[in-house]
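I opened the notebook to record what I looked up in this structure, entry by entry.

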Protein chains: 2
Amino acid sequence: MKLNILGCYSATPRTFTNPTSQVLEIKNHLFLIDCGEGTQVQLRKNKIKFSRIKHIFISHLHGDHYFGLVGLISTFRLLKREADLHVYGPKGLKDVITLQMKLSDSWTNYNLYFHVLESKDSELIFEDDKVEVYTVPLIHRVYTNGFLFKEKEGERKLDLNAVLNSNIDKSYFRKLKQGADVTNEDGKLIKNNTVTLPPPKSKSYAFCSDTAYNEAIVPIIKEADVLYHESTFLEKNASLCEPTKHSSAKQAATIAKLANVGKLILGHYSTRYDDLSLFKTEAEPIFSNVELAEDGKVFEI
Amino acid sequence: MKLNILGCYSATPRTFTNPTSQVLEIKNHLFLIDCGEGTQVQLRKNKIKFSRIKHIFISHLHGDHYFGLVGLISTFRLLKREADLHVYGPKGLKDVITLQMKLSDSWTNYNLYFHVLESKDSELIFEDDKVEVYTVPLIHRVYTNGFLFKEKEGERKLDLNAVLNSNIDKSYFRKLKQGADVTNEDGKLIKNNTVTLPPPKSKSYAFCSDTAYNEAIVPIIKEADVLYHESTFLEKNASLCEPTKHSSAKQAATIAKLANVGKLILGHYSTRYDDLSLFKTEAEPIFSNVELAEDGKVFEI
């Protein structure tokens, strides 16, 4: 799993900072998460192949999280995209995009599917044989979801020495990987766990932006390998959290601790701060494995 | 008059090129013309003070000419703008912007006025004591206008020697500048043109993008000091002009020649061309005073 931060600042795009957008590479999928203005240029700068993006997840309809979407959809058309594109986001997103396509008389030449998110409970919104994506309902000024990306458990690994010693015919290997017991060439029942090893641990990534401090998300993101949690403010401006429905670095760390995640990535910084290291300094006493998002930074998960 | 090119490429924003946007400074006004994605970052890079922009003119509703507008309007709000903002553009633009404000529950804290352009004839759309702005109806795939910016004629200049010799009281100077004849201290009628000089020639700038070759605009932009005319294609791709309703460099030069303008600036280049000098090479045999727009370039008019 690889996470590429395209933009991790709040509010407005600036000369050297970009609003929220991330690309998550997971089991050969390329998922785009949020799409602030300028995301298509950030995709180019980070050398991400446009055609590999087939699923876009939009957390909420504040501009710094989606104003780049209409341009990206339009650029896909100009690049003569053929692959289907699926967009998951709040009610209204489809209207915004289709109104602009109608006014420009520029309809996509590829299939564009909108999946409307409306539930206030966590729900499974994407699933194939390798990956599941769940919403993480957040508390913000407008309807907002985070997203939990989970690799499905893979096949069991053959313990090759044990398999050879047990005299099992090759034709049973597939069944063994799937967890079944098999009968060996001597007619003896071989218990699966005596000849296989557990699959590699499947990874998970939770994206939570934007949100007020919200312990209700803890059970949903529990034990995630990596949590990206917004930290718009430092403690000295904590009084701004409640009215704006944002979190401080300390609050993000508290959620990370309660959810017992592997690593916390902070981001969605207010543009009022020049020294981002203070976010880390404030979070670390509560949760030690903290990293700072930066535009263009890549995290291997 | 000063023209700052923020972006002059067609189609999609890329790492080092920007879609159409320009700032025209004229008689202390700062007019923004078109607003492709990324314009607010280009404004920052070009050190243009956001609050000085009070009038925005949108030629048409193709994304490369207005996808940056909603973000700019939203950024003005975040920057706590107080000054009124006037946006001139085709029908539908207001719907696109207000829908997005509604969905984000983020209304402007300043007055935002939309002026809907619908006429197929050139019309005066802005006027104050110093400047007039007219539409220049263009031919494109959707309803499109160019814009003609004209300084109003200033006051006449006093010919100081002549004034002194004519024994005119100072209290009449204002009237003289306004063109009136006055009576001097000896009771003699002094003809205005004997003691004043014509005002400095008032400048004009015509912006014409996007458009198919259209001689109908010639009378409207006649004698303009500077004409920006799109030249999406070179002659070798001229067959693309008609279906896309764009112009070639040669066609742009032909319009410049017919309108007898002072200077032609080419732009809105298709991103297929690496060597822009070819646009100049193709235009110059028809109209000699040609310059190439470049992102970040400033033209003094």
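**Entry 1**

I started with L264(B) and looked for its bridge partner. In strand 17 of chain B that partner is V290(B). The model is a predicted one. Strand 16 of chain B covers residues 263-267 and pairs with strand 17 of chain B in the parallel sense, over three bridges.

I found an open sheet of seven strands in chain B, in the order 7-8-9-14-15-16-17, with mixed pairing. Why is one side of strand 7 and of strand 17 of chain B left without a neighbour in the sheet? Strand 7 (124-127) and strand 17 (290-292) of chain B stand at the edges, and each has a single partner strand, so one side of each stays without a neighbour. The twist from one strand to the next averages 20°.

**Entry 2: helix 10 of chain B**

I then asked what lies across this part of the sheet. Helix 10 of chain B, residues 249-259, lies across strand 15 (226-230), strand 16 and strand 17 of chain B. It runs at about 150° to strand 15 of chain B.

Is helix 10 of chain B mostly covered or mostly uncovered? I noted it as mostly covered, since eight of its 11 residues are buried. The buried ones are A249(B), K250(B), Q251(B), A252(B), A253(B), I255(B), A256(B) and A259(B). I checked what they pack against: helix 8 (218-221), strand 15, strand 16, helix 11 (277-283) and strand 17 of chain B. Just after the helix, N260(B) takes a positive phi of about 55°.

**Entry 3: the largest nonpolar core**

Nonpolar side chains tend to be buried together in soluble globular proteins. I looked at the largest nonpolar core here and noted 137 residues. Which of them touch the most other members? They are L227(A), L264(A), L227(B) and L264(B). Helix 10 of chain B gives the most to this core, with six residues.

I listed the contacts of L264(A), leaving aside its neighbours within four places in sequence. The partners are L227(A), H229(A), A252(A), A253(A), A256(A), A283(A), F287(A), N289(A) and V290(A).

**Entry 4: other parallel pairs in chain B**

I moved to strand 5 of chain B, residues 85-90. Strand 4 (residues 53-57) of chain B pairs with strand 5 in the parallel sense over three bridges. There H55(B) stands opposite H86(B). Strand 5 of chain B also runs parallel to strand 6 (residues 112-117) of chain B, and six bridges join them. In that pair G89(B) stands opposite V116(B) in strand 6.

**Entry 5: chain A as a whole**

I counted 11 helices and 18 strands in chain A. Its C-alpha trace spans about 70 × 55 × 35 Å along the principal axes. Buried residues make up 44% of the 301 residues in chain A. Of the contacts in chain A with a separation of 6 or more, 63% come from residues 24 or more positions apart.

The domain assignment gives chain A domain 1 (2-154 + 200-300) and domain 2 (157-197). I noted 43 Å between the centres of the two domains, taken over C-alpha atoms.

**Entry 6: two residues of chain A**

I looked up S209(A) in the loop between strand 14 (204-208) and helix 8 (218-221) of chain A. Is S209(A) buried or exposed? It is buried, because 30 other C-beta atoms lie within 10 Å and the cut-off is 20 or more. Beyond four places in sequence, S209(A) is in contact with T20(A), S59(A), G146(A), Y228(A), E230(A), G267(A) and H268(A). N167(A) is 42 residues away from S209(A) in sequence and 54 Å away in space, C-alpha to C-alpha.

L158(A) is in strand 10 (residues 157-158) of chain A. It is partly exposed, with 16 other C-beta atoms within 10 Å. Beyond four places in sequence, its contacts are V163(A), F173(A), L176(A), K177(A), V195(A) and T196(A).

**Entry 7: where the chains touch**

I finished with the contact, which takes 31 residues from chain A and 31 residues from chain B. Helix 1 (39-45), helix 3 (69-78) and helix 4 (93-104) of chain A each supply at least two residues of the side of chain A that touches chain B. Helix 4 of chain A gives the most to that side, with six residues. The residues of that side divide into 11 nonpolar, 13 polar and seven charged.

Definitions and conventions
Residues are numbered from 1 along each chain as its sequence is written. Chains are lettered from A and ligands numbered from 1 in the order in which they are written. This is a predicted model: local features need pLDDT of at least 70, side-chain atom pairs count only at pLDDT 80 or more; totals for chains, interfaces and linings use all residues. Two strands pair if DSSP finds at least two bridges between them. Helices (H or I, at least four residues) and strands (E, at least two) are DSSP runs, numbered from the N terminus. Axes are lines fitted to C-alpha atoms, for helices over the stretch in contact, and angles run from 0 to 180 degrees between N-to-C directions. Two residues are in contact if their C-beta atoms, placed from the backbone, lie within 7 Å. Domain bounds come from an automatic or database domain assignment. Ala, Val, Leu, Ile, Met, Phe, Trp, Tyr, Cys and Pro count as nonpolar, Asp, Glu, Lys and Arg as charged, and the others, Gly among them, as polar. A nonpolar core is a set of buried Ala, Val, Leu, Ile, Met, Phe, Trp, Tyr and Cys residues joined through C-beta atoms within 7 Å. A residue is buried if 20 or more other C-beta atoms lie within 10 Å of its own, exposed if 12 or fewer, and partly exposed in between; C-beta atoms are placed from the backbone.
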